Amino acid sequence: MKAPKIKPSSSAVEPSQIKTSPKIDEAYSSEPWWYDARGFLILTLAYNDTLPHQIRHFAKNMRTQHLEVAVGSGTFLEVVLKYRRWKKWPVINIIGFDYAPSMLQGATHRFRKNKNIQLQLADAANMPFKDNQFDSLSCANAIHSFPELEKSLRECFRVLKPGGIFVGNCLITPRGIWPLNWIAKKINSWGQRKGILHRAYDLTEIKDLLMKAGFKNLEEDLRGNCLSFVVTKNIKTT
Ligand SMILES: C[S@@+](CC[C@H](N)C(=O)[O-])C[C@H]1O[C@@H](n2cnc3c(N)ncnc32)[C@H](O)[C@@H]1O
């Protein structure tokens with residue numbers, strides 16, 4: 001089934017308008033294979049979650065006009081879309097963005113033949129999209145990397161249509177038993193030094209931040225140190 005086309009924002013930002021820093025440029029300047037291997041290790045040892053669980057969580061919650069926030073090099077999105085194809089779920093239109101030029105370059109190359117995927121450089125805290133534009137929005141493995149999380153969550157709320165869903169996951173302060181919690185803490189400290197992790201969040205803190213941004217109907221799935229969630233931008237009844 002073919003989804004109707006959407007256009008990316010006409011106000012796509014120029015690289016010079018994004019407030020990155022040498023630290024960000026360096027944090028995301030690794031070779032793609034190392035980025036993928038690193039991601040897999042972090043998912044297993046810091047999140048204590050599994051790839052199949054993450055793929056299912058994101059794949060089943062995508063709708064016709066979809067925004068992929070912080071798409072990175074697109075490795076994860078590509079697997080998610082393969083899973084959707086395997087399940088024979090409808091083709092959707094996707095706009096994806098990231099604020100690290102090197103990551104976005106990887107995604108642009110990866111999806112160069114996919115006409116239904118448009119990519120651009122943008123900051124989650126200042127999205128170049130109209131209000132009420134998207135049916136669904138995913139943010140995979142990135143919320144805890146945002147320097148300005150509250151502002152970014154408000155932007156997620158703004159660009160979703162009423163009734164639209166926000167699907168995400170967030171790294172939680174390491175829990176559980178030694179040595180698993182010790183390993184997770186060590187990886188988090190390394191991630192913070194490297195600039196790929198802003199910080200992990202306490203469970204109640206991240207849920208409160210989602211509600212404060214205006215979201216409702218929290219569906220949550222806590223595994224290891226990772227909260228996977230779906231929230232809705234409710235239609236006002238008054
Ligand atoms: C761990 S990667 C996750 C990428 C991808 N979603 C995945 O699951 O493979 C985190 C990404 O968040 C991006 N990022 C961090 N802060 C951002 C912001 N404020 N706006 C846009 N992208 C951001 C980084 O550039 C990086 O590509």
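Predicted model: local features only at pLDDT ≥ 70, side-chain atom pairs only at ≥ 80, totals over all residues.
View 1. Residues are numbered from 1 along each chain as its sequence is written. Strands β4 and β5 (residues 160-171) pair in the parallel sense, over five bridges. Two strands pair if DSSP finds at least two bridges between them. Strands (E, at least two residues) and helices (H or I, at least four) are DSSP runs, numbered from the N terminus.

**View 2. Strand β4 also pairs with β1.** Strand β1 covers residues 65-69, and four bridges join it to β4 in parallel. Glutamate 68 has serine 138 of β4 as its bridge partner. Is β4 (residues 134-139) mostly covered or uncovered? Mostly covered: five of its six residues are buried. A residue is buried if 20 or more other C-beta atoms lie within 10 Å of its own, exposed if 12 or fewer, and partly exposed in between; C-beta atoms are placed from the backbone.

**View 3. Strand β4, helix α6 and strand β5 make a right-handed β-α-β unit.** Helix α6 spans residues 149-159. Right-handed means that, with the strands pointing away from the viewer, the path from the first strand over the helix to the second runs clockwise.

**View 4. Seven strands form an open sheet with mixed pairing.** Their order is β3-β2-β1-β4-β5-β7-β6. The edge strands are β3 and β6 (216-223), and each pairs on one side only. Strands of a sheet pair through backbone hydrogen bonds, either parallel or antiparallel.

**View 5. Strands β6 and β7 pair in the antiparallel sense.** Six bridges link β6 to β7 (residues 226-232). Which residue of β7 is the bridge partner of glutamate 219? The partner is valine 230.

**View 6. Asparagine 114 sits in the loop between α5 (101-110) and β3 (117-121).** Asparagine 114 counts as partly exposed because it has 14 C-beta neighbours inside 10 Å. Asparagine 93 is 21 residues away in sequence.

**View 7. The ligand is surrounded by 19 residues.** A residue is near a molecule if its C-beta atom, placed from the backbone, lies within 6 Å of it. The closest are Ala70, Gly72, Phe76, Ala100 and Ala124.
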